[in-house]
Amino acid sequence: MIGSKKFALLGMTLAICAFAAPAGAQTVSRLPSANPASPIVSAVTVPAGYATHYISGIPGGPKNPNAPEGSPERWGDTAQQTDDVLNKLEAVLKQLGLNFGDVVKATVFLVADPNNGGKINFPAMNAEWSKRFGTATQPNKPARSTVQVGLATPGPLVEIELVAVKK
């Protein structure tokens, strides 16, 4: 009888310890896309305990503010604007104590590029994107959507918004 009481007490003690012990450190998981060379993933799962940061869309700025309004010389092309936007987003992330490795979701808005026959220049945007995501120095890739739009402000060809998380 005493043995069974000790066994029950031992069982309760182990159960309490199991619940009191901190859970294993869970990390953000990323489901690779079917194309391993892609600079994005199919899905990202963020476990509980992470702070989420929603970063407003930032449009591309003029390459040459002194050039006539509406001219390609003023705004540059999709590659230049994507670089500009990503540099601005990197500065916002830094202010929040984050970097591109903390980005889990992005939405890219592209406008038809006059320097690309009036069509969106997805390859140019993706080439700039690939310099920051899925690299040897920053291997994390976010989930991403890219859509063709007409932005509210005339001139910019690119606008990008981000969602980033940090433990």
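The buried residues of α4 pack against α3, β4, β5 (143-148) and β6. In this predicted model, the buried positions of α4 are Ala 124, Met 125, Asn 126, Glu 128 and Trp 129. The N-terminal end of α4 is capped by Asn 121. Here a side-chain oxygen of Asn 121 lies 3.1 Å from the backbone nitrogen of Ala 124.

Strands of a sheet pair through backbone hydrogen bonds, either parallel or antiparallel. The pairing of β3 with β6 is antiparallel and spans seven bridges. Within β6, Leu 162 is the bridge partner of Ile 55.

Nonpolar side chains tend to be buried together in soluble globular proteins. The largest nonpolar core of the model holds 22 residues. Those touching the most other members are Leu 89, Leu 93, Val 103, Trp 129, Ile 160 and Leu 162. At least two core residues come from each of β3 (51-59), α3 (78-95), β4 (103-110), α4 (122-129) and β6 (158-166).

Leu 93 shows how contacts reach across the sequence. Beyond its neighbours within four places, Leu 93 is in contact with Ile 55, Leu 98, Asn 99, Phe 100, Val 103, Leu 162 and Ala 164. Two of these, Ile 55 and Leu 162, are also bridge partners.

Ser 38 sits in the loop between β1 (29-32) and β2 (41-45). Its relative accessible area is 13%, so Ser 38 counts as buried, the cut-off being under 20%. Ser 38 touches Ser 33 and Lys 141, leaving out residues up to four places away in sequence.

The mean pLDDT is 87, and 84% of the residues reach 70 or more. Over residues 6-23, however, the pLDDT is below 50. This stretch has zero contacts in the model beyond near neighbours in sequence.

Note on methods: Residues numbered from 1 in each chain as written. Predicted model: local features only at pLDDT ≥ 70, side-chain atom pairs only at ≥ 80, totals over all residues. Heavy atoms only, no water. Core = buried A, V, L, I, M, F, W, Y, C linked by side-chain atoms within 4.5 Å. Buried < 20%, exposed > 50% of the residue type's maximum accessible area, 1.4 Å probe, protein only. Helix = DSSP H or I, 4+ residues; strand = E, 2+ residues; numbered from the N terminus. Contact = heavy atoms within 4.5 Å. Polar contact = N/O pair within 3.5 Å; in protein donor to acceptor, adjacent residues only side chain to side chain. pLDDT = per-residue confidence, 0-100. Pairing = 2+ DSSP bridges.
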